[in-house]
Each structure stands twice: as structure tokens, then as C-alpha cells.
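Subject: Handing over the structure

Hello,

Here is the structure I promised to pass on. Please look it over first; my notes follow below it.

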Amino acid sequence: MKDFENSLDTMLEKAFLTISSGVDDAKSYFHTPTVCTFEGQDISARTVVLRDFNEQERVLRFHTDQRSPKISQIKENNNATVHAYDQEEKIQIRLKGSIEVHHQDSVTEKAWENTREMSKECYSVKDSPSKKIDNPVEFDIDKNQIDREMGYENFAVNLFTFQSLEILYLKRAGHRRAIFEWLNNDVKKNWLIP
Ligand SMILES: Cc1cc2nc3c(=O)[nH]c(=O)nc-3n(C[C@H](O)[C@H](O)[C@H](O)COP(=O)(O)O)c2cc1C
């Protein structure tokens with residue numbers, strides 16, 4: 001997309017395209033964004049795989065293990081930030097919003113159906129992620145032993161909806177930074193000093 005930095009509308013279009021590319025393109029920097037959530041008073045950041053992006057609803061989908069401590073932390077405070085920087089495109093995107101956790105409902109059913117067998121294996125680990133252990137080898141997955149479908153009960157879907165999107169484009173001739181803030185279905189668009 002050429003000269004997208006010349007208008008707020010095309011800055012937003014470019015941001016949406018950049019996020020979308022992360023769903024199917026494993027080489028896209030937005031395929032593995034960082035999600036930050038609260039852990040009580042602390043902030044916790046981690047890499048996740050972007051599974052889907054609904055542009056109309058401004059929803060990003062991530063998968064995780066229901067047993068993970070972050071699930072209860074998100075339920076306590078579901079404010080979240082998603083961040084990624086595309087080094088080739090020189091574009092940073094920051095999203096602010098909230099997460100809705102799904103477990104054993106129609107959302108998880110549909111997502112599980114479309115999950116590759118290899119990815120299903122992660123949910124069959126015999127104990128809860130983040131548990132302190134003595135020997136990691138005991139928790140290696142034996143591909144011949146596991147019933148992948150058993151993992152479904154540990155499978156959770158996180159739907160992140162954002163109300164704010166900030167894009168920073170690094171450009172030699174002059175950086176460009178813009179913010180988009182949604183209230184209901186109206187969007188406020190502003191340039192920012194980079
Ligand atoms: C490339 C990559 C992709 C990852 N994808 C996911 C993911 O989709 N879901 C997830 O829960 N953890 C994923 N992880 C692991 C998390 O970064 C994190 O280590 C783990 O979820 C524990 O985080 P927590 O302590 O905040 O629960 C991924 C890690 C890497 C390096």
C-alpha cells in the first residue's frame with residue numbers, strides 16, 4: 001500500500017491490513033504479538049499466536065490453556081494491551097481493549113474444530129501451565145500415548161476487543177503516528193506527535 005502515511009483513513013487501513021496479515025502468514029510480525037494483562041498489581045506480557053482478526057468487530061482471537069493462571073487473572077481484570085512491531089514495514093501497532101474468556105461453549109467448539117492436530121497436543125499436558133516442577137522431562141508430551149481430543153477440556157479462547165489503535169510508522173523523511181478511538185461505532189481519528 002503506497003503513500004498510506006498521507007491520510008488518517010489510509011493509516012487505519014494499513015494498520016488493519018498489518019494485523020490481518022498476522023493470521024495466516026507465519027512470517028508476519030503480527031502472527032505472534034505480545035499480549036499484556038494484569039496479574040494483580042503487576043503487568044504480565046507474553047507472546048501468543050494470532051488465530052483470527054475480525055476487522056468489523058475489532059476482535060482478535062487467541063488460544064490458551066484454561067488451567068493457566070492468566071485465565072483467573074484476566075477474569076479479575078480483563079483490561080489488556082496487544083503490541084507488535086513489524087521490522088520490515090517499520091510499523092508499530094498498539095491496541096488497548098479487553099478480553100473475554102471462552103471455555104466449553106460454541107466459540108471454543110468452532111475454534112477447536114479448526115485447530116490443527118499438532119496444536120491440540122499442547123492442551124494435553126498432564127498438569128496446569130506455570131506449575132513449578134522438578135523435572136521437565138516428565139511433562140514432555142508422548143505423541144503416541146495422548147488422546148488429542150482430551151485436550152478440549154483445557155482449551156480456552158480469548159477474544160480481545162480493542163477500543164483504541166495506535167500506529168507508528170518510522171520513516172526517514174518524518175515519522176507518522178496516529179490514534180483511532182472507538183466509542184460505540186463512531187471512531188475519532190487523530191495524528192499524534194511521533
Ligand atoms: C512463538 C510463541 C507463541 C506462543 N503462543 C502462545 C499461545 O498462542 N497461547 C498461549 O497461551 N501461550 C503461547 N505462548 C507461550 C506464552 O508466551 C507464555 O509463555 C505462556 O502462555 C505462559 O504465560 P502466562 O504465565 O502469562 O500464562 C507462545 C510463546 C511463543 C514463544
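**The cores**

The largest nonpolar core has 31 residues, and Leu 60 and Leu 165 touch the most other members. A nonpolar core here is a set of buried Ala, Val, Leu, Ile, Met, Phe, Trp, Tyr and Cys residues joined through side-chain atoms within 4.5 Å. Buried means under 20% relative accessible area, exposed over 50%, and partly exposed in between (1.4 Å probe, protein chains only). Two or more residues of this core come from each of α1 (8-24), β4, β5 (79-86), β6 (91-103), β7 (155-169) and β8 (176-183). Helices (H or I, at least four residues) and strands (E, at least two) are DSSP runs, numbered from the N terminus. The top contributor is α1, with seven residues. Apart from this core lies another one, of eight residues, including Val 59, Trp 112, Tyr 152 and Val 157.

Back to Leu 60. Beyond four places in sequence, Leu 60 touches residues including Ile 19, Phe 30, Val 82, Leu 95 and Phe 162. Contact means heavy atoms within 4.5 Å.

A word on the source. This is a predicted model: local features need pLDDT of at least 70, side-chain atom pairs count only at pLDDT 80 or more, and totals for chains, interfaces and linings use all residues. Residues are numbered from 1 along each chain as its sequence is written, and side-chain values use heavy atoms, with hydrogens and water left out.

**The ligand**

Which residues surround the ligand? They are Thr 32, Arg 46, Thr 47, Val 48, Val 49, His 63, Thr 64, Ser 68, Lys 70 and Ser 130. A residue is near a molecule if one of its heavy atoms lies within 4 Å of it. The shell divides into two nonpolar, six polar and two charged residues. Strands β2 (42-47) and β4 (59-65) each supply at least two residues of the shell.

A backbone N or O atom of Val 49 lies 3.0 Å from a ligand oxygen. For His 63, a backbone N or O atom is 2.8 Å from a ligand nitrogen. Ser 68 has a polar side-chain atom 3.1 Å from a ligand oxygen. Taken alone, the ligand exposes 620 Å², and the protein buries 56% of that. Accessible areas come from the Shrake-Rupley method with a 1.4 Å probe; for residues, only the protein chains shown count as cover.

Asp 65 sits in strand β4. Asp 65 is buried, at 7% relative accessible area. A polar contact of 2.8 Å joins its side chain to that of Arg 67. Such a contact is a pair of N or O atoms within 3.5 Å; within protein, one must be able to donate a hydrogen and the other to accept it, and residues adjacent in sequence count only if both atoms are side-chain atoms.

Glu 121 is in the loop between α4 (117-120) and β7. Glu 121 is buried, at 6%.

Lys 90 lies in the loop between β5 and β6. Lys 90 is partly exposed, at 38%. Its side chain reaches the backbone oxygen of Gln 87 at 3.5 Å.

Best wishes

Definitions and conventions
Ala, Val, Leu, Ile, Met, Phe, Trp, Tyr, Cys and Pro count as nonpolar, Asp, Glu, Lys and Arg as charged, and the others, Gly among them, as polar.
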